Amino acid sequence: MSKVAVVTGGTRGIGEAISLALKDMGILVAANYAGNEEKARQFSERTGIKSFKWDVGDHEACIDGCAAVAEDLGPIDIVINNAGITRDGVLAKMSFEDWNEVMRINLGGCFNMAKATFNGMRERGWGRIVNIGSINGQAGQYGQVNYAAAKSGIHGFTKALAQEGAKYGVTVNAIAPGYIDTDMVAAVPPPVLEKIVAKIPVGRLGQAEEIARGVAFLCGEEAGFVTGSTLSINGGQHMY
Ligand code: CAA
């Protein structure tokens, strides 16, 4: 029987590449999204991957959304916590709402999705959770106290949950992408982005597929001894 995966934020950017990479492994993929229904419909038509709408920052919505996926595709074996937003700004200008929304979605989403799926994985004796952190959670970033804190939190969450899952065959790992060629990075003001790219030893932005490749490895059967780890994929920008 095919394994079943949920990729949050799975219809665009890095998430889309992850959904496709898992599909290529023969995994039944549910791509979660929160926003544009028309874009999600086009994604599903283009890829043949079903899309499911809910807000990962909403605890009850995650429980209900994962139940709907399980009802449709079968019990969830793999969760990729990829959904994330930015609300960049220096602390002096950052509102409480900008802080809270990033924590609620980026970090809260990981908790909500794990609550909805971890017990089932544990009971069935196999599972994979891959959390998408960030270079900015490892190194910090000017103008991102909210995002850096949430992403750093994801790295701690990963190491703690990995310890709880280990004896049940459930691995929990993180990937820390650097600057990847997506809409999120395209929103960084061009002069700022130019300076950032100049500091990437490989000399370019990463591609979403280069993150998806790491996720695919961590989800494979052969990665069962890898847990609690963080795989940095950042063109050498930060060596942790
Ligand atoms: N280090 C030190 N000083 C910096 C700095 C930095 N990295 N960046 C900006 N500054 C300084 C500027 O030189 C400027 O100083 P002066 O006033 O003395 O000239 C001051 O800070 C204000 O800079 P801005 O004009 O840029 O201020 P702003 O309020 O218009 O914008 C900002 C601030 C929103 C933080 C903007 O600089 C920005 O968007 N920075 C990029 C943040 C970033 O990298 N986000 C990543 C998004 S992608 C992502 O998050 C994905 C992932 O996981 C990697």
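This is a predicted model: local features need pLDDT of at least 70, side-chain atom pairs count only at pLDDT 80 or more; totals for chains, interfaces and linings use all residues.
Residues are numbered from 1 along each chain as its sequence is written, and side-chain values use heavy atoms, with hydrogens and water left out.

Let me begin with strand E2, residues 28-33, where five of the six residues are buried, buried meaning under 20% relative accessible area with a 1.4 Å probe and protein chains only. Helices (H or I, at least four residues) and strands (E, at least two) are DSSP runs, numbered from the N terminus. Strand E1, residues 4-7, pairs with E2 in the parallel sense over four bridges, where pairing requires that DSSP finds at least two bridges between two strands. Within that pairing, Ala5 has Val29 of E2 as its bridge partner. E2 also pairs in the parallel sense with strand E3, residues 50-53, again over four bridges, and here Ala30 stands opposite Lys50 in E3. From E2 the chain crosses through helix H2, residues 37-47, to E3 in a right-handed β-α-β crossover, right-handed meaning that, with the strands pointing away from the viewer, the path from the first strand over the helix to the second runs clockwise. E1, helix H1 (residues 13-24) and E2 likewise form a right-handed β-α-β unit.

Now to the ligand: which residues come nearest? Of the 18 residues around the ligand, these are Asp88, Ser134, Tyr142, Tyr147 and Tyr179, and a residue counts as near if one of its heavy atoms lies within 4 Å. An oxygen atom of the ligand is 2.7 Å from a side-chain N or O atom of Ser134, a ligand oxygen is 2.7 Å from such an atom of Tyr147, and for Tyr179 the distance is 2.8 Å. The protein covers 57% of the 1100 Å² of accessible area that the ligand has on its own, as computed by the Shrake-Rupley method with a 1.4 Å probe. Helix H7 (183-186) and helix H8 (190-198) each supply at least two residues of this shell.

Finally, His155 lies in helix H6, residues 145-165, and counts as buried because its relative accessibility is 8%. The side chain of His155 reaches the backbone nitrogen of Ser134 at 3.4 Å, and Ser134 is one of the residues that come nearest to the ligand.

Technical notes
A polar contact is a pair of N or O atoms within 3.5 Å; within protein, one must be able to donate a hydrogen and the other to accept it, and residues adjacent in sequence count only if both atoms are side-chain atoms. Buried means under 20% relative accessible area, exposed over 50%, partly exposed in between (1.4 Å probe, protein chains only).
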